[in-house]
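Have a look at the structure first.

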Amino acid sequence: MDILVTENLKKYYDTGEIRVKALDGVSLSVQKGEFLAIVGTSGSGKSTLLHMLGGLDNPTSGKVVVDGRDISKMSKDGLTIFRRRKIGFVFQNYNLIPLMNVYENVVLPIKLDGIRPDREYVEQILAILGLEEKKYAMPNQLSGGQQQRVALARALAAKPAIILADEPTGNLDSRTSQDVLGLMKTTGQRFGQTIVMITHNDEIAQMAGRIIRLEDGKICGGESGYAESEK
């Protein structure tokens with residue numbers, strides 16, 4: 001079952017007489033429970049693509065379908081609610097609230113949606129990510145790796161249909177990067193989460209189940225659809 005689909009997705013920017021084609025006809029599909037890595041150099045369009053997948057920016061043309069809904073046709077308010085409930089984000093900069101402890105940071109998006117957090121589920125996530133004893137610690141008391149794990153826990157806590165990770169290990173050393181990615185893969189499998197990660201690091205990308213490569217706003221390598229052998 002495809003949880004995420006893009007069709008001929010384009011994003012163009014006009015700067016004076018020059019048209020920049022950040023995305024130039026990207027079509028891909030991601031199955032539920034899949035871990036997909038999107039690899040590309042700086043300027044390849046991978047961050048633009050992730051923003052489109054998460055409804056953080058609007059395409060020039062084409063469409064993005066998440067969990068059966070065409071998010072490019074949603075109203076601004078409707079998209080905000082849908083994104084909060086269906087899409088979890090993990091960014092390179094952890095974006096934790098400094099005045100909130102670990103548990104408060106993790107459940108904040110759920111509370112903003114007016115929903116009571118599933119405490120047992122959250123506790124389970126924290127335990128798997130090795131944060132059980134850091135539950136009441138403040139962000140400035142945590143290492144970079146621990147802060148990134150908190151960001152991952154926050155993304156998982158709302159039980160989203162898909163998690164979008166933007167260079168999630170960019171600020172971490174190689175060993176911590178491997179640890180965080182290993183945990184991301186484990187939690188994704190454990191909770192049936194679909195993960196789409198962008199990275200410029202081929203070694204990190206190898207931890208995903210499938211890799212596609214972007215260049216000049218187009219898919220130029222890897223499989224844009226789910227491999228037949230994996231169905």
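## Pockets and a glutamine

The largest pocket holds about 420 Å³ of space. Of its 16 lining residues, Arg84, Ile87, Phe89, Pro109 and Arg154 sit closest to the centre. Helix H2 (76-86), strand E6 (87-90), helix H3 (102-112) and H5 each give two or more residues to that lining. For the second largest pocket, the elements that do this are H2 and H3. Its lining includes Arg84, Pro109, Asp113 and Lys159.

| Pocket | Volume | Lining by class |
|---|---|---|
| Largest | about 420 Å³ | ten nonpolar, three polar, three charged |

A word on terms: a pocket is an open set of points on a 1 Å grid over the protein atoms alone, where a 1.4 Å probe fits, with protein on both sides within 12 Å along at least five of seven lines; lining residues have an atom within 4 Å of a point. The volume is the space filled by probe spheres set on the points, which are joined across faces, edges and corners. Ala, Val, Leu, Ile, Met, Phe, Trp, Tyr, Cys and Pro count as nonpolar, Asp, Glu, Lys and Arg as charged, and the others, Gly among them, as polar. Helices (H or I, at least four residues) and strands (E, at least two) are DSSP runs, numbered from the N terminus.

Now for glutamine 148, found in helix H5 (residues 144-157). Glutamine 148 is buried, at 0% relative accessible area (buried is under 20%, with a 1.4 Å probe and protein chains only). Beyond neighbours within four places in sequence, glutamine 148 contacts Val90, Phe91, Gln92, Tyr94, Pro168, Thr169, Leu172 and Val180 (contact: heavy atoms within 4.5 Å).

This is a predicted model, where local features need pLDDT of at least 70, side-chain atom pairs count only at pLDDT 80 or more, and totals for chains, interfaces and linings use all residues. Residues are numbered from 1 along each chain as its sequence is written, and side-chain values use heavy atoms, leaving out hydrogens and water.

Technical notes. Buried < 20%, exposed > 50% of the residue type's maximum accessible area, 1.4 Å probe, protein only.
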